[in-house]
Amino acid sequence: METYLITGANRGIGFALVQQCLANGHRVIATYRDQSAANALFELAGESCLLELVQAELDSETGINKLANEIADKPLDVLINNAGIMGPEQQDLNGLDSEGWLATFAINTIAPFHVSRLLLPNLLHSARPRIITISSQMGSLARESTGSYAYRSSKAAVNKVMQVMATELAEQGVIVCPMHPGWVQTDMGGMEADISAQQSAAGIIRFVEGVSLAESGRFWTWQGEEHPW
């Protein structure tokens, strides 16, 4: 049995990741922002003694510090930085709100960095500590596409953050990987997407359970295939 911390777990991929971890017999600490939007998560917590819920505001260092302080005494095996936003509604050459762009970076890029570094002491209790960040192929420089400037740039940036972190933490045995979850049927991905949140989560957790240090610092898909940066 391992202990996972999953951010942004009240819906979509995050909620499915919690369900998959519990089904596999793992302990889970799950964060949510607003209790009013986390009814299903609270119901799940009422059914499983392996699930602990923590309210967390990840768009500021103050909120991230609060999360780290609340779980300072809890050893972790896996951190999954799942919390993320699409960003402003308009993200094209005709206009992109700078404040919205910065807010997208705060959640998608800066928060995973701070959460990871502050929870490193928790992870170093593990024999195989892993930091997994849910990214997107929309941030891959190998793909040519248009629009979604804030979202794409924030995911490209977090990919680089995780690559650098993997190099710096290799000597401590910490595995660090960004992952593309697939095009998923969520509020963000839409119902026309390729796969369900449950399919994505099952693939991600399968990868996390088997990943080794040799695979650290590389970009992976939910199917366990390496993705070009």
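Predicted model: local features only at pLDDT ≥ 70, side-chain atom pairs only at ≥ 80, totals over all residues.
A residue is taken as buried when its relative accessible area is under 20%, and a salt bridge is taken as a side-chain nitrogen of Lys or Arg within 4 Å of a carboxyl oxygen of Asp or Glu. K155 is found in helix α6, which spans residues 149-169, and, when its neighbours within four places in sequence are left aside, K155 is in contact with N108, I134, S135, S136 and G139.

The packing of α6 against helix α4 was examined next. Two packed helices are described by the angle between their axes and the distance between the axes. The axes of α4 (residues 98-118) and α6 come within 8 Å and cross at roughly 15°, which makes α4 roughly parallel to α6. The crossing of these two helices is right-handed, and the contact involves, on the α4 side, W101, T104, F105, N108, T109, P112, F113 and S116, and, on the α6 side, residues including Y149, Y151, K155, V158, V161, M162 and M165.

S148 lies in the loop between β5 (130-134) and α6. Most residues other than glycine have a negative phi; S148, although not a glycine, has a positive phi of about 50°. With a relative accessibility of 19%, S148 counts as buried.

Side chains of opposite charge can pair when their charged atoms come close, and a search of the whole structure finds six salt bridges. One of them joins R130 to E2, with the closest N and O atoms 2.5 Å apart; because R130 lies in strand β5 and E2 in the segment before β1 (3-6), this pair ties together parts that are 128 residues apart in sequence. Both R130 and E2 are buried.

A salt bridge is also formed between the side chains of E70 and K66, at an N-to-O distance of 2.5 Å. These two residues are four positions apart in helix α3 (residues 61-70) and are therefore separated by about one helical turn. E70, at 39% relative accessibility, counts as partly exposed, as does K66 at 43%. R218 forms a salt bridge with E226, the closest N and O atoms lying 3.0 Å apart; R218 is partly exposed at 27% relative accessibility, and E226 is partly exposed at 44%.

Definitions and conventions: Residues numbered from 1 in each chain as written. Heavy atoms only, no water. Contact = heavy atoms within 4.5 Å. Axes fitted to C-alpha atoms, helices over the stretch in contact; angles between N-to-C directions. Parallel < 35°, antiparallel > 145°, perpendicular 65-115°, else oblique. Left-handed = near helix turned anticlockwise from the far one by under 90°. Buried < 20%, exposed > 50% of the residue type's maximum accessible area, 1.4 Å probe, protein only.
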